[in-house]
Amino acid sequence: MLLLALGEEYLTKDEAVRLFFKNGERVVEHAIRLDDAARRLVEKAYGSSVAPDQTVIVGTKEDRVVAYAMIVSEITKTLPMTFIVGVDPAGTVIEVAVMRHEEHIGTDCAKRRFLRQFDGKRPTDRLRMGTSYQPVSGATLSCNAVARGTRKVLAIIQHHFLDRPDHVKALLQEEPIRRQRYIMGSICTITAYGDRAAVEKAFDAIQSVDAALSNYRDDSDLARLHRDRSIQAKPELLAFVSGSLAFSERTEGAFDITTGPLVRLWGFHDGKHRVPSDEEIAAALARVGWRKIRVEKDTVTLPEGVELDPGAIGKGIGVDRAAEALKNAGIARALVDFGSSARAIGEWTLGIRDPFDTDRILGHVTLRDESISTSGGYEKFFEQDGRRYAHILNPQTGRPVEGVASVSVITPTATESDALSTAAFVLQRIPDKVEGLLVPEKGEPVVTDGWKRRFREEKK
Ligand code: AMP
Ligand code: MG
């Protein structure tokens, strides 16, 4: 005799999904992340905390949504019950169906006779026991679990999709558009579920960062600062300078935009590389130090000899401006990829290059509304007398950093990840509160827990 009741499976996932979608419809599982506002509303409807990351199955046909469905698990007595809630494009319950019930009691709630009560319910119905539905006697906990999960699904569909036409629009687009531009000395690729005009605006935003910060044109605001030494800075330049100073403070000076004279001395700005003498390094170091920069209101002042190099943060700033432009245009899913820095709107998976064999990929990292930057010794370096000199300099010693092959960090914005990957390279460790991977020249790679969660290693 079977002593242990193992629960019961009523529907497989395929069978459950079939309740709401027909052959030939485009059905996609979307990983969504609730923003803070939506999450608060969902939690209010649900009555307790809700994870921001959710999966919604969406069926579309031509230019309209056919149905949404979510598979949810709720604890009944002590064990979970799993069920699917299908919702029509107006946000009304089509049907609730129990897929699996682990508890061996309370199973009557899996019957149509009970579940029928939820058909046609709306988020505003609130689904209270006694008024909105009658529980099956002896199965109250399970019945309430169905109501709770259904409230959650209705609230998610309402607040993430129906309140956000831009999110619905993104569901309908089959293929993203992909455009590339050569800006700031690199190719920038934007992939977006949205229209071309929005992508053009995003590139324009990067162009305007370049127009403000370029070290290679004499009409940029940065060039004007280098010439006049004290200027009223426009917002882009001001954001670059004050943002950079904050990163210097945070990284104990490992990140320092005043390394310009050193970059020049080692020939990294024009490729005419050479190893300078100790005296030359000392002379250049006298012109280095982020504390030499003065910012008062919108006026930036540089002492004579001090030079700013936006190379370690400029692309990150550009990526963020582009991402803002895309979001302002209502785009819910896009990737701005500048090679060494990228930002994901929605979920994207990116390859991480092997610093020892740049044709190879170490693995893939999945980002959701996050940014990643990589600083690699392999990007720009020269060799002399058997020694390798990479383009990232230690602002304390005035010399290229040795010992790190590459470092990648994940942060909310690309400005942050760009600055902090460079800083991590100098510090030879991942800064606090940042997820990342550091590959040393010798020895084993170092990863944070959050990196591990997002990373899938490539099989050798
Ligand atoms: P990234 O590839 O973002 O790590 O930036 C590296 C570039 O930033 C170099 O090519 C230099 O132009 C500049 N740089 C070098 N060392 C530093 C440093 N310690 N802090 C800030 N910028 C630096
Ligand atoms: Mg950087």
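**View 1. Polar contacts between domain 1 and domain 2 of this predicted model**. Here 4 residue pairs are in polar contact between the two domains, both residues at pLDDT 80 or more; such a contact is a pair of N or O atoms within 3.5 Å, one able to donate a hydrogen and the other to accept it, and residues adjacent in sequence count only if both atoms are side-chain atoms. Local features need pLDDT of at least 70 and side-chain atom pairs 80 or more, while totals for chains, interfaces and linings use all residues. Residues are numbered from 1 along each chain as written, chains are lettered from A and ligands numbered from 1 in written order, and side-chain values use heavy atoms, without hydrogens and water.

**View 2. The salt bridge of Arg368 and Asp53**. Their side chains meet at 2.7 Å, N to O; the rule asks for a Lys or Arg side-chain nitrogen within 4 Å of an Asp or Glu carboxyl oxygen.

View 3. Ala31, Arg33 and Gln173 supply 56% of what domain 1 buries against domain 2.

**View 4. An open sheet of 3 strands, ordered β9-β11-β10**. Pairing is antiparallel and needs at least two DSSP bridges; strands are DSSP runs (E, at least two residues), numbered from the N terminus. Val295 stands opposite Val300 in β11.

Methods
Helix = DSSP H or I, 4+ residues; strand = E, 2+ residues; numbered from the N terminus. Buried area = accessible area lost by both parts, 1.4 Å probe.
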